[in-house]
Amino acid sequence: MTTASPPIRIAISGATGRMGRMLIEAVLSDPQLSLAAACDIAGSPMIGRDAGEFMGQSTGVEISSVPAQAMANADVLIDFTRPEATLAYLAACRTHGVRAVIGTTGFDAHGLALIEEFSQNNGTVFAPNMSVGVNITLKLLEAAGHYLAEGFDIEVIEAHHRHKVDAPSGTALKMGEVVAQAAGRDFARDARYSREGQTGARPAREIGFSVIRGGDIVGDHTVLFAGTGERIEITHKSSSRATYAQGALRAARFLMQRGPGLFDMQDVLGLKA
């Protein structure tokens, strides 16, 4: 008779935010996972209170503002916060040998280098979007970018809720990077983030970005390939953060089967093969 594996112990950062609460609910609903820790910023009124209070459930896990203490009993951290907070959590993860699933966006070059360094000893999934659908969309964009490299102008349009602090979104940037590579373009040189005034004619190799912020839009992304007499639009729309939460849990399970290294959702979903 085989013995069932113990549940994967999950730590959630940003536990009182919209995404944090979605992740807590998803973890509590999955018998293969257990909630090991929940963290939030110092000064939050929820510090010291039960992590499941928002859904009327007692978890026995108190929300903590001390990452080093919270990570002591975790296998995997799931982090959807902000760059400076993520890096502080990674320092605590390094101390306790905790793996990390990072959905935070907006890192500068220094932050990206620290994540790379962390992954050399701790398995890490780092992706701007954990949605299965978005990652399938990236594969479609790879094909479109290859076949529509000539004769088509490329524009990326994204929309998010009013509270999002970075623009363009990490997902939009990733879409632009994928298309640029497939089309043989230099993303750093050809990306165009704003237009105003007398801009002149559009350069043929330009990849333009348009950003919308408003209301409670979870996340809409469209890549437009505009040719002469025709256009192709590849669109993904999220109606719930649940898709990000389920993707993050899938990434956590993936890391438990891997050693150190830096992975993305294309690895998790087996799309690179």
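Q: By class, how many nonpolar, polar and charged residues does the lining of the largest pocket have?
A: This is a predicted model, in which local features need pLDDT of at least 70, side-chain atom pairs count only at pLDDT 80 or more, and totals for chains, interfaces and linings use all residues. Residues are numbered from 1 along each chain as its sequence is written, and side-chain values use heavy atoms, leaving out hydrogens and water. A pocket is an open set of points on a 1 Å grid over the protein atoms alone, where a 1.4 Å probe fits, with protein on both sides within 12 Å along at least five of seven lines; lining residues have an atom within 4 Å of a point. With Ala, Val, Leu, Ile, Met, Phe, Trp, Tyr, Cys and Pro as nonpolar, Asp, Glu, Lys and Arg as charged and the others, Gly among them, as polar, the lining has twelve nonpolar, 16 polar and six charged residues.

Q: Which helix gives the most to the lining of the largest pocket?
A: The lining has 34 residues, with R18, M19, F80, T81 and R82 nearest the centre of the pocket. The top contributor, with four residues, is α3.

Q: Which helix gives the most to the lining of the second largest pocket?
A: Here 23 residues form the lining, and P128, G170, L173, K174 and E177 lie nearest the centre. At least two lining residues come from each of α5 (132–147), α6 and α9 (265–268). With five residues, the helix that gives the most is α6.

Q: How many residues apart in sequence are the parts that D30 and R253 tie together?
A: The side chains of D30 and R253 meet in a salt bridge at 2.1 Å, N to O (a side-chain nitrogen of Lys or Arg within 4 Å of a carboxyl oxygen of Asp or Glu). D30 sits in the loop between α1 and β2 (33–39) and R253 in helix α8 (residues 242–255), so the parts they link are separated in sequence by 223 residues.

Q: Is E155 buried or exposed?
A: E155 and R195 form a salt bridge at 2.7 Å, N to O. E155 lies in strand β7 (residues 153–160) and R195 in the loop between β8 (191–192) and β9 (207–213), so this pair ties together parts 40 residues apart in sequence. R195 is partly exposed at 39% relative accessible area (buried is under 20%, exposed over 50%, partly exposed in between, with a 1.4 Å probe and protein chains only). At 13%, E155 is buried.

Q: In β5, which residue is the bridge partner of L77?
A: Let's start with strand β4 (residues 76–79), where V76 and I78 point one way, L77 and D79 point the other way, and all are buried; strands are DSSP runs of E, at least two residues. Strand β4 runs parallel to β5 (residues 99–102), with four bridges joining them, and strands pair if DSSP finds at least two bridges between them. The β5 partner of L77 is A100.
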